Amino acid sequence: MSFENKSVVVTGASSGLGAVLAESFAARGASLTLFARRQPDLEAVAERCRAAGGKAIVFAGSVSELDDCRKLAGAAEAEYGGIDVLVANAGVSMWARFDETEDTQLFRDLIDVNYMGAVNCVHACLPAIKARKGVITAVGSIQGKIPVPLHTGYVASKHALQGFLDTLRGELDGTGVDVVTALPHWLRGTRLRSNAFAKDGERVGEGRRGHNKESVSLEACSEAILRAIERRDREVVIPWKLRLLPWLKLIAPRMLDRIVSGEMKRQG
């Protein structure tokens, strides 16, 4: 599909991958509705999108609030007449051992944003997407398919998202709507790590060192996701070599555990 004059909704668009995705869509002539909690940051991204050649409006709200998501869908329809593409990108992470976690509320918060946030946005936008035979895209994680220490709640929320999208894809078969799941590795240039929940439920902050050379740039990730949407692929794993990990989980789970544990120690 071409994105020229297509109505595209991007959540979590105020920074990181969401902002880069928005600018990439804009460079291809898309008409964007940008959604996140921080209005000033959204406005800055919208300006960059307009400068890149696209159209952009903003709507500040929370993906964990269904009413906000309904208003978001209404804003996109009112401005552009419908919705062709939804990119459910908003997300939050954690960095703590489960046996050291002081309050399980952070697990509810992870579910609210990473899983229910996508559910809310899809539910609100689906009628408009069906009318245009469009595309639903959600940014999950390869961690939605494999176990990763220190990320119990994050992994669980991404497993839930994976199951939701796989099942939704089957339900929408024959409607003309396609569901694309994006499964990236560590991404450079985001606040996901510093905003992650620590064991006390507060944010980790800026103390942890940056990702290593195995991480992926926001630009490379964005381009891979846009190509997948253009082709209406079922799934895109970024980088491609991570597609081997779920197979390793099936045939050599202990080896996978050693690999992932070693990587987490290097990341710590």
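Modeller: Tyr115 has a relative accessible area of 24%, so it counts as partly exposed, given that buried would require under 20% and exposed over 50%. This is a predicted model, and every value here is computed from it.

The structure holds four aromatic pairs. One of them joins Phe3 and Phe25, with 4.9 Å from centre to centre and 80° between the planes, an edge-to-face arrangement. Phe3 belongs to the segment before β1 (7-11) and Phe25 to helix α1 (residues 16-27), so this pair links parts that are 22 residues apart in sequence. Phe3 and Phe25 are both buried. For Tyr115 and Phe164, the ring centres are 6.2 Å apart and the planes stand at 80°, so that pair is edge-to-face; the cut-off for this class is an angle over 60 degrees.

The axes of α3 (residues 66-80) and α4 (residues 105-131) come within 8 Å and cross at roughly 30°. That angle makes α3 roughly parallel to α4, because angles under 35 degrees fall in that class. The crossing of α3 and α4 is right-handed. On the α3 side, the contact is made by Leu66, Cys69, Arg70, Ala73 and Glu77. On the α4 side, the residues they meet are Asn120, Cys121, His123, Ala124, Cys125 and Ala128. Sorted by class, the contact of α3 with α4 has seven nonpolar, two polar and two charged residues.

Helix α1, which holds Phe25, has a packing partner as well. α1 and helix α2 (residues 39-52) have axes 8 Å apart and an angle of about 25° between them. α1 and α2 are therefore roughly parallel to each other. Their crossing is right-handed. From α1, Ala19, Ala22, Glu23, Ala26 and Ala27 take part, and they meet Val45, Arg48, Cys49 and Ala52 in α2. By class, the contact of α1 with α2 has seven nonpolar residues, no polar ones and two charged ones.

Lys133 lies in the loop between α4 and β5 (135-139). Its phi is near 50°, a positive value in a residue other than glycine. Leu150 is found in the loop between β5 and α5. Leu150 is likewise not a glycine, and its phi is positive at about 75°. With a relative accessibility of 23%, Leu150 counts as partly exposed.

A further backbone detail lies in another loop. Ile238 and Pro239 are joined by a cis peptide bond, with omega at about -5°. Pro239 is in the loop between β7 (235-238) and α7 (244-251).

Notes
Residues are numbered from 1 along each chain as its sequence is written. This is a predicted model: local features need pLDDT of at least 70, side-chain atom pairs count only at pLDDT 80 or more; totals for chains, interfaces and linings use all residues. Side-chain values use heavy atoms; hydrogens and water are left out. Axes are lines fitted to C-alpha atoms, for helices over the stretch in contact, and angles run from 0 to 180 degrees between N-to-C directions. Helices (H or I, at least four residues) and strands (E, at least two) are DSSP runs, numbered from the N terminus. Angles under 35 degrees count as roughly parallel, over 145 as roughly antiparallel, 65 to 115 as roughly perpendicular and the rest as oblique. A crossing is left-handed if the near helix is turned anticlockwise from the far one by less than a right angle, and right-handed if clockwise. Contact means heavy atoms within 4.5 Å. Ala, Val, Leu, Ile, Met, Phe, Trp, Tyr, Cys and Pro count as nonpolar, Asp, Glu, Lys and Arg as charged, and the others, Gly among them, as polar. Rings of Phe, Tyr and Trp (its six-membered ring) pair if their centres lie within 6.5 Å; planes under 30 degrees apart count as stacked, over 60 as edge-to-face and the rest as tilted. Buried means under 20% relative accessible area, exposed over 50%, partly exposed in between (1.4 Å probe, protein chains only).
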